[in-house]
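Please examine the sequence and the structure shown here before reading on.

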Amino acid sequence: MAEAAANLPGHIAITMDGNGRWAAARGVPRAAGHKAGLKPVRMCIEECTHLGVGALTLFAFSSENWGRPPEEVGSLMSLFLEALDSEVAELHEKGVRLRFVGARGSLPVRLQARIAAAEERTAGNRGLALQVAVSYGGRWDIVQAAQALARECASGALRPEEITEAAFAARLSLAQLPDPDLHIRTGGEHRISNFLLWQLAYAELYFTERLWPEFTAADLAAALRFFASRERRFGQRPAAASA
Ligand code: IPE
Ligand code: IPE
Ligand code: MG
């Protein structure tokens, strides 16, 4: 039991990619692909809660995704609204603490209000820490942390030599959480696409061809087996082979 837990990631980050290709393959609108992506989201929350994974961070909409055609952006914003309405009560019941990370000021005002309400409602929960990255970019995150530090220096609250890695990390979006141990990307692309640039420094990277709407519990289990098989060295020498 203790051994299995030791090999379980404490924090999983997922780039949920492939919705558009899934829709195209079925001849349905891209929006239908995004909508179909809700099922694997529920599954991952369920599995992480069941397994005792402490934190799950889902990449739902990137800084760059604003550059997609307005009808696709609009359908995604509507989907986020609908998903908040349909899911939050159950998440709350499961003890999930829900937070959104990203440039939320650029989101529709109605969505901002629903996000704030959902965060407030679940803030006291001690189960799975669920982060949804919306209008999020790793570069945005680093820049907003730098701005926060600069403001503190300008006001005299902080001296430049007090800007350490820890001080920087404390101003990033996921400051309260350990860095992700495992990053999963579906949809076959082997890239980070401006997700958690700072926080993924030592994550194990798992890529699968599976398109997000088709990602199942068995696929998640395969990613967890991959993770359990890795020797994490963090730049140190390998652990001595046991006799
Ligand atoms: C991921 O699926 C969801 C978002 C980026 C919002 P895509 O929409 O990128 O799907 P593909 O990569 O085009 O198949
Ligand atoms: C990354 O997927 C962003 C999300 C899944 C939210 P993209 O589809 O936007 O990334 P690229 O364009 O393939 O790099
Ligand atoms: Mg994509």
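The model is predicted.

**Ligand 1**

Ligand 1 sits in the largest pocket. There are 13 residues around ligand 1, and those that come nearest are Asp17, Gly20, Arg21, Arg30 and Arg68. By class, this shell is made up of five charged, five polar and three nonpolar residues. Helix 2 gives the most to the shell around ligand 1, with three residues.

Polar contacts to ligand 1 involve both backbone and side-chain atoms. From the backbone, a polar atom of Asn19 is 3.2 Å from an oxygen atom of ligand 1, and an N or O atom of Arg21 lies 2.7 Å from an oxygen atom of the ligand. From the side chains, Arg68 places an N or O atom 2.7 Å from an oxygen atom of ligand 1. Taken alone, ligand 1 exposes 380 Å², of which the protein buries 87%.

**Ligand 2**

Ligand 2 also sits in the largest pocket. The residues that surround ligand 2 are Thr15, Met16, Asp17, Phe59, Ala60, Phe61, Asn65, Arg68, Arg185, Arg191 and Ser193. Four of the residues in this shell are nonpolar, four are charged and three are polar. Strand 2, which spans residues 55-62, gives the most to the shell around ligand 2, with three residues.

Side chains supply polar contacts to oxygen atoms of ligand 2. A polar side-chain atom of Asp17 lies at 3.2 Å, one of Asn65 at 2.9 Å, and an N or O atom in the side chain of Arg68 at 3.3 Å. On its own, ligand 2 has 390 Å² of accessible area, and the protein covers 78% of that.

| Ligand | Residue | Part of residue | Distance to a ligand oxygen atom |
|---|---|---|---|
| Ligand 1 | Asn19 | backbone | 3.2 Å |
| Ligand 1 | Arg21 | backbone | 2.7 Å |
| Ligand 1 | Arg68 | side chain | 2.7 Å |
| Ligand 2 | Asp17 | side chain | 3.2 Å |
| Ligand 2 | Asn65 | side chain | 2.9 Å |
| Ligand 2 | Arg68 | side chain | 3.3 Å |

Asp17 and Arg68 are among the residues that come nearest to ligand 1, and both also belong to the shell around ligand 2.

Note on methods:
Residues numbered from 1 in each chain as written. Chains lettered and ligands numbered in written order. Predicted model: local features only at pLDDT ≥ 70, side-chain atom pairs only at ≥ 80, totals over all residues. Heavy atoms only, no water. Near = heavy atom within 4 Å. Polar contact = N/O pair within 3.5 Å; in protein donor to acceptor, adjacent residues only side chain to side chain. Areas by Shrake-Rupley, 256 points an atom, 1.4 Å probe, with all protein chains shown as cover. 1 Å grid on protein atoms, 1.4 Å probe; cavity = no way out; pocket = protein on both sides within 12 Å on 5 of 7 lines; lining within 4 Å. Sits in = over half its atoms within 2 Å of the grid points. Helix = DSSP H or I, 4+ residues; strand = E, 2+ residues; numbered from the N terminus. Nonpolar A, V, L, I, M, F, W, Y, C, P; charged D, E, K, R; others polar.
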